[in-house]
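Please take a look at this structure and answer some questions about its ligands and helices.

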Amino acid sequence: MAGGAGYIGSHTAVELIGAGYDVVIVDNLSNSEMRAVEGVRKITGVDVPFVEVDCCDIDAFRKVFEQYEFDSAIHFAASKAVGESIHKPMLYYRNNLTSLMNLIDLMHEYGRHNIVFSSSCTVYGEPDKQPVTEQTPRKPATSPYGNTKQMSEDILRDAMAAYGDMKGIALRYFNPIGAHPSALIGELPRGVPQNLVPYVTQTAAGIRECLSVFGDDYPTPDGSCIRDYIDVTDLAKAHVAAIGRMIGGSNKERYEVFNVGTGRGVSVLELVRGFERVNGLKLNYKIAPRREGDIMAIWADPTRANQELGWHAEKTLDETLASAWKWQQTL
Ligand code: NAD
Ligand code: WQD
């Protein structure tokens with residue numbers, strides 16, 4: 001798992017181990033801490049191997065292939081802050097693309113077969129129609145980060161078309177939130193959180209004074225933006241299904257794409273009120289101007305993942321918001 005010590009990677013490691021897979025976590029800890037690896041070990045009772053490697057350094061990365069036999073890899077190893085990517089585009093292009101290209105090259109060179117890639121609903125931009133299916137056209141990316149996701153999908157598609165013995169699956173995540181119910185792993189945002197739920201939990205904890213709800217004048221039922229919030233443990237299970245599909249040979253094409261979302265659009269205000277209700281607290285929030293670059297609404301049509309991967313989002317939003325708060329209280 002390249003980038004396996006991160007938020008989604010650590011939860012995926014737990015689910016893969018629970019499903020009987022052996023896992024090796026590879027990460028340069030540029031946006032994560034050993035605490036996540038230790039959490040995975042505690043939850044699973046398995047002494048999961050961890051290798052500190054920058055996946056952009058192909059010689060260092062190669063050692064993982066020399067040392068471990070594995071047939072499948074997941075690429076999480078990317079920088080993910082949309083705003084930062086606008087100011088530091090070269091960092092994003094270099095890190096996100098080089099780490100993926102190195103992984104593909106090494107998998108090919110060592111005769112390894114299956115790659116799952118962390119894509120994002122950001123590839124759809126502002127969609128004309130809801131919900132979005134995998135056939136919904138990708139819009140031109142509005143940030144270097146978004147562009148790396150589009151380019152990475154294309155790189156994986158083209159490489160899989162050229163290498164007859166390899167398969168790839170791109171999972172387009174919607175908005176992952178929440179934490180493992182044990183509260184031993186969760187999201188570790190650095191600095192001021194840019195994403196909604198970490199900002200909400202930090203406000204509830206008194207670390208931030210007040211949540212700004214970015215816009216209540218959108219043409220949506222309550223005026224705030226709508227997203228498809230997917231529980232991170234549910235999202236993790238989609239990776240187990242994707243790996244199983246490729247190993248089992250039930251994939252129809254050598255490169256496939258799946259939306260990973262709940263199929264339910266939830267507004268910012270609904271989420272805030274849900275958080276207050278489920279956790280029995282009052283959140284200090286105010287309505288603020290729209291955030292530049294935000295899209296108004298997007299939610300997934302997950303039918304293809306439901307049917308082809310046999311995967312469904314299971315957790316309720318209430319359960320997920322409770323897990324997010326439980327995790328925040330450990331920080
Ligand atoms: P994260 O930052 O918690 O995890 C990414 C991990 O990759 C971190 O542990 C980081 O240290 C590591 N990493 C980065 N560059 C590396 C490199 N060159 N070599 C080795 N390790 C490296 O982020 P996350 O939320 O877990 O996201 C995982 C993936 O999912 C990313 O590709 C991200 O773009 C994608 N994604 C995330 C979201 C989201 O909202 N969290 C949504 C859609 C897609
Ligand atoms: C969600 C909603 C905000 C913070 C980003 C990336 C996307 C993907 C997921 C990786 C929006 C509102 C937020 C706050 C708020 N990541 N909000 N106050 O913007 O949907 O997507 O993360 O691929 O690429 O762009 O997620 O959590 O930032 O925002 O009102 O303090 O919450 O306006 O409507 P977003 P988010």
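Ala, Val, Leu, Ile, Met, Phe, Trp, Tyr, Cys and Pro count here as nonpolar, Asp, Glu, Lys and Arg as charged, and the others, Gly among them, as polar. This is a predicted model, where local features need pLDDT of at least 70, side-chain atom pairs count only at pLDDT 80 or more, and totals for chains, interfaces and linings use all residues. Residues are numbered from 1 along each chain as its sequence is written, chains are lettered from A and ligands numbered from 1 in the order in which they are written, and side-chain values use heavy atoms, with hydrogens and water left out.

Q: By class, how many residues of the shell around ligand 2 are nonpolar, polar and charged?
A: A residue is near a molecule if one of its heavy atoms lies within 4 Å of it. Ligand 2 is surrounded by 19 residues, and Ser120, Tyr145, Ser212, Arg227 and Asp294 are the closest. Sorted by class, the shell has 10 nonpolar, 6 polar and 3 charged residues.

Q: Which element gives the largest share of the shell around ligand 2?
A: Helices (H or I, at least four residues) and strands (E, at least two) are DSSP runs, numbered from the N terminus. Two or more residues of this shell come from each of α7 (196–204) and β7 (211–214). The largest share, 4 residues, is from β7.

Q: What lies 2.6 Å from an oxygen atom of ligand 1?
A: Among the 27 residues around ligand 1, those that come nearest are Asp27, Asn31, Ser32, Asn95 and Tyr145. A backbone N or O atom of Ser30 is 3.0 Å from an oxygen atom of this ligand, and a side-chain N or O atom of Lys149 is 2.9 Å from one. At 2.6 Å lies a polar side-chain atom of Tyr145.

Q: Which elements cover the buried residues of α6?
A: Buried means under 20% relative accessible area, exposed over 50%, partly exposed in between (1.4 Å probe, protein chains only). Among the buried residues of α6 are Tyr145 and Lys149. Contact means heavy atoms within 4.5 Å. The cover includes α4 (82–87), α5 (89–109), β4 (114–120), β5 (167–173) and β10 (255–260).

Q: Is Glu187 buried or exposed?
A: Glu187 lies in the loop between β6 (175–177) and α7. Beyond its neighbours within four places in sequence, its contacts are Tyr7, Lys80, Asn195, Pro198, Trp327 and Leu331. Because its relative accessibility is 13%, Glu187 counts as buried.

Q: How far apart are the end C-alpha atoms of helix α8?
A: The expected span of a helix is 1.5 Å times one less than its number of residues. Helix α8 (residues 232–248) has 17 residues, so it should span 24 Å, and the distance between its end C-alpha atoms agrees at 24 Å.

Methods: Polar contact = N/O pair within 3.5 Å; in protein donor to acceptor, adjacent residues only side chain to side chain.
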